[in-house]
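Trainee: I am new to this structure and would like to go through it slowly with you. Could we look at it together?

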Amino acid sequence: MTTGWDAAVEAQIRSAQERGEFDNLPGAGKPIPGRDMPYDEGWWIRSFMEREQIPSDLLLPTPLQLRRRIEQLPAELRDLPTEDAVRSYVAALNTEVVAWLRTPTGPRVVVRPVNVDDAVRRWRADRERAAPAVTAAEAPRAASARPRRRWRWWRR
């Protein structure tokens with residue numbers, strides 16, 4: 001036996017089918033994803049992270065996130081334009097490391113602040129390696145590439 005509620009729902013579904021509202025739905029005739037997989041309690045968070053393209057690094061505890069950021073520091077510093085920007089970026093990272101060291105949470109992982117001078121030295125070396133060397137033949141062209149002084153269009 002069906003109750004009044006079930007009968008009303010079934011009637012709505014039947015009328016929607018007759019109107020063709022269930023035709024050409026995206027996924028019609030396709031198997032349900034993950035149906036053959038064993039049950040996983042965290043399926044919803046994994047699917048959310050895949051759908052929204054959220055990096056899995058955000059799930060790591062704070063000390064491991066800091067260690068990962070320290071490991072990736074040379075690649076992040078490479079694109080910074082000035083030495084002051086490099087120093088401020090490393091200082092901000094060191095501030096986060098010191099804040100974690102004052103009140104450590106999560107697993108006990110060794111995390112040390114980054115030496116600013118070493119980071120600047122590495123940044124300079126990377127920039128020198130990436131910059132093309134100016135040869136003696138190119139030097140006069142570079143000097144003549146200055147903008148010329150524009151003369152006024154009227155004469156006195």
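Trainee: Is Gln53 buried or exposed?

Mentor: This is a predicted model, in which local features need pLDDT of at least 70 and side-chain atom pairs count only at pLDDT 80 or more, while totals for chains, interfaces and linings use all residues. Residues are numbered from 1 along each chain as its sequence is written, and side-chain values use heavy atoms, with hydrogens and water left out. Buried means under 20% relative accessible area, exposed over 50% and partly exposed in between, with a 1.4 Å probe and protein chains only. Gln53 has a relative accessible area of 70%, so this residue counts as exposed.

Trainee: Which loop holds Gln53?

Mentor: Gln53 has a positive phi of about 55° although it is not a glycine, and most residues other than glycine have a negative phi. Helices here are DSSP runs of H or I with at least four residues, and strands are runs of E with at least two, numbered from the N terminus. In those terms, Gln53 is found in the loop between α2 and α3.

Trainee: How many helices and strands does the protein have?

Mentor: From the N terminus on, the elements run α-α-α-α-α-α-α. The count is therefore seven helices and zero strands, by the DSSP runs described above.

Trainee: At what angle do the axes of α5 and α6 cross?

Mentor: Axes are lines fitted to C-alpha atoms, for helices over the stretch in contact, and angles run from 0 to 180 degrees between N-to-C directions. Angles under 35 degrees count as roughly parallel, over 145 as roughly antiparallel, 65 to 115 as roughly perpendicular and the rest as oblique, so α5 and α6 are oblique to each other. The axes of α5 (residues 83-102) and α6 (residues 116-130) come within 10 Å, and they cross at roughly 140°.

Trainee: Which residues of α5 are buried?

Mentor: What covers the buried residues of this helix includes α3 (62-71), α4 (73-77) and α6. The buried residues of α5 are Ala85, Val86, Val90, Leu93, Asn94, Val97 and Trp100.

Trainee: What share of the 156 residues in the protein is buried?

Mentor: The cut-off is again under 20% relative accessible area. Across the protein, the buried share of the 156 residues is 14%.

Technical notes. Contact means heavy atoms within 4.5 Å.
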